[in-house]
Amino acid sequence: MTVRTRFAPSPTGFLHIGGARTALFSWAFAKKHGGTFILRIEDTDVARSTPEAVQAILDGMQWLGLDYDEGPYYQMQRMERYKQVIQTMLDAGSAYYCYSSREELEALREQQMANKQKPRYDGKWRPEAGKTLPTPPKDIQPVIRFKNPVDGVVVWDDLVKGRIEIANSELDDLIIARADGTPTYNFCVVVDDSDMGITQVIRGDDHVNNTPRQINMLKALAEIDTAIQLPQYAHLSMILGSDGQKLSKRHGAVSVMQYHEDGYLPEAVLNYLARLGWSHGDDEVFSMAQFCDWFDLNHITASAAQFNTEKLNWLNNHYIKLADLTELAKDIAARLAQQGVHVTATPNLTDAISLYRDRANTLNELAQSVAYFYSKPQVDAEAKAKHVTEDILSVLAGLTAQLAEVEWTTEAIHALIAQTVASHALKFPKVAMPLRVLITGGAQSPSIDAIMAILGRDETIARLSS
RNA sequence: GUCCCCAUCGUCUAGAGGCCUAGGACACCUCCCUUUCACGGAGGCGACCGGGGUUCGAAUCCCCGUGGGGACGCCA
């Protein structure tokens with residue numbers, strides 16, 4: 001059977017890092033098996049869904065390069081289909097109208113909680129053989145509930161967690177259509193996964209408790225339509241924040257696009273996410289092509305994983321070092337422009353980047369570190385006091401004068417500095433450090449001669465003369 | 001509260017009963033390289049949650065405990 005997987009976010013916010021990983025695994029599984037990856041937008045919660053959120057999800061997936069083969073499907077556009085299925089269930093007796101009011105249900109829940117019981121529907125309107133149902137009140141619009149089996153257990157072999165067994169006695173008759181007639185999540189998922197021929201449902205493990213309900217509905221549907229088959233399920237454990245707490249809006253569950261803004265390469269984020277909860281022996285760094293080739297559900301960890309920015313940084317640095325220089329320069333120029341620093345043809349940006357890329361964890365850091373090539377640096381006062389001392393000023397003046405004459409190459413500049421150092425019987429850093437401070441603004445930088453070569457003669461002399 | 005899931009270095013993980021003196025990566029520390037800081041190179045520190053079983057043998061299987069997480073909506 002051809003593999004068909006899906007990613008089914010609800011558009012109530014941006015695509016966060018956990019959602020991105022779920023999408024990534026689903027995507028990779030389809031790729032690995034030459035299957036189809038489907039995007040489905042679960043927007044039945046009209047009150048919370050927004051077009052902006054849909055766009056944010058689309059943008060996030062595009063940035064990461066998680067392309068889908070089908071979709072996006074929108075559940076709101078499938079209303080007729082859901083209503084049709086609900087009707088067949090009503091006709092088949094696997095669903096029924098329930099007239100319990102919200103207040104009534106709320107009171108029931110509170111009472112059960114007070115009795116330390118698991119809150120659930122009491123089955124008041126559930127039809128049973130030989131049971132007389134109450135007379136429906138006129139002022140209440142009924143909801144429709146699924147008639148869940150009372151006995152037995154629901155069992156499935158979770159592709160990540162192994163065999164999971166949940167007793168039907170733990171489940172109640174869930175609402176599949178609201179009073180206004182709109183279907184609810186668990187029901188839509190079942191219809192969609194079935195209609196779309198999903199073979200592996202790969203999703204977050206907060207859905208484990210929904211799975212037995214969905215399986216029961218699927219089985220009920222399968223009694224009506226024998227072509228319906230159960231998918232396999234793979235429940236991914238969640239990603240925790242760096243503090244070990246659940247990722248949430250106020251707990252670092254940032255949008256994947258925030259990583260873009262913060263200067264992370266999609267390759268790094270992808271590689272990091274792939275490795276978070278999945279492994280291939282000791283392999284740490286790999287391309288998406290390699291990942292898709294290796295990916296399997298057997299090597300997914302069942303336990304929750306904590307997000308670690310330092311490792312992401314390390315990977316990001318790795319991919320920055322590997323990045324195409326021209327592409328990198330384009331990105332860095334844009335980031336500099338955002339800060340009001342405009343890149344000019346000289347000094348050469350790609351040369352400047354080559355000098356700094358090895359030490360940058362993010363593109364923002366990289367942009368920051370080459371900014372002084374295009375705007376006067378703010379000279380660090382402490383570094384200046386320490387390195388630009390009285391006794392060295394005359395040496396610098398002499399050097400500056402010679403700089404006007406020297407051939408403008410890294411080698412020639414280096415030779416000139418070395419010669420100055422020698423003629424004054426100094427140590428190399430004694431001259432290099434003040435140059436560094438005056439030219440770059442700080443005490444840490446790559447080789448100062450290489451920097452000067454890129455910066456240009458006039459600007460170098462200008463900075464040394466001020 | 002009830003049900004479900006999970007448990008190896010600080011973190012991500014390898015580990016399918018003997019290959020484990022528990023391996024790798026990030027972080028951290030030391031040294032080397034060096035023109036400062038990085039990069040890079042070489043080392044180091046550092047873990048099987050606890051208790052019972054099963055077995056000749058357990059990080060690996062079973063049970064109990066503990067700890068963490070999730071679910072219990074006319075949200076998804």
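This is a predicted model: local features need pLDDT of at least 70, side-chain atom pairs count only at pLDDT 80 or more; totals for chains, interfaces and linings use all residues.
Figure 1. Buried means under 20% relative accessible area, exposed over 50%, and partly exposed in between (1.4 Å probe, protein chains only). Helices (H or I, at least four residues) and strands (E, at least two) are DSSP runs, numbered from the N terminus. Leaving out residues up to four places away in sequence, Leu24 touches Leu66, Leu270, Leu273, Ala274, Met288 and Phe291; contact means heavy atoms within 4.5 Å.

Residues are numbered from 1 along each chain as its sequence is written, chains are lettered from A and ligands numbered from 1 in the order in which they are written, and side-chain values use heavy atoms, with hydrogens and water left out.

**Figure 2. Strands E1 and E2, a parallel pair.** Four bridges link strand E1 (residues 4–7) to E2 in the parallel sense; two strands pair if DSSP finds at least two bridges between them. Look for Arg4 opposite Thr36 in E2, and for Phe7 with its bridge partner Leu39. In E1, Arg4 and Arg6 point one way and Thr5 and Phe7 the other way, and all are buried.

**Figure 3. Helix H3 and its buried face.** Helix H3 (residues 79–92) has 14 residues and reaches 20 Å from its first C-alpha to its last, close to the 20 Å expected at 1.5 Å a residue; the expected span is 1.5 Å times one less than the number of residues. Its buried residues are Met79, Tyr82, Val85, Ile86, Met89 and Leu90. Seen down the axis of H3, these buried residues fall within an arc of 145°, so they line one face of the helix; the arc is that of the directions from the helix axis to the C-beta atoms. The face turned away from the buried side carries the exposed residues Glu80, Asp91 and Ala92. The cover over the buried residues of H3 includes strands E4 (95–98), E5 (143–146) and E8 (175–177), together with helices H5 (185–195) and H6 (211–224).

**Figure 4. The open sheet E4-E5-E8.** Three strands make up this open sheet in the order E4-E5-E8, and the pairing is antiparallel. E4 and E8 are the edge strands, each pairing on one side only. Neighbouring strands are turned by 45° against each other on average, direction ignored; axes are lines fitted to C-alpha atoms, for helices over the stretch in contact, and angles run from 0 to 180 degrees between N-to-C directions. Two bridges join E5 to E8, and Arg145 stands opposite Ile175 in E8.

Figure 5. Arg463 is found in helix H19 (residues 457–465) and is buried, with a relative accessible area of 4%. Leaving aside neighbours within four places in sequence, Arg463 is in contact with Tyr372, Phe373, Ser375, Lys376, Pro377, Leu438, Ile439 and Leu455. Arg275 belongs to helix H8 (residues 266–275). Not counting residues up to four places away in sequence, Arg275 touches Gly281, Asp283, Glu284 and Phe286.

Figure 6. The peptide bond from Gly71 to Pro72 is cis, with omega near 0°, and Pro72 is in strand E3 (residues 70–74). Another cis peptide bond joins Thr346 and Pro347, with omega about -5°; Pro347 is in the loop between helix H11 (325–338) and helix H12 (349–356). Ala425 has a positive phi of about 55° although it is not a glycine. Ala425 is in the loop between helix H16 (410–423) and helix H17 (428–440) and is exposed, with a relative accessible area of 70%.
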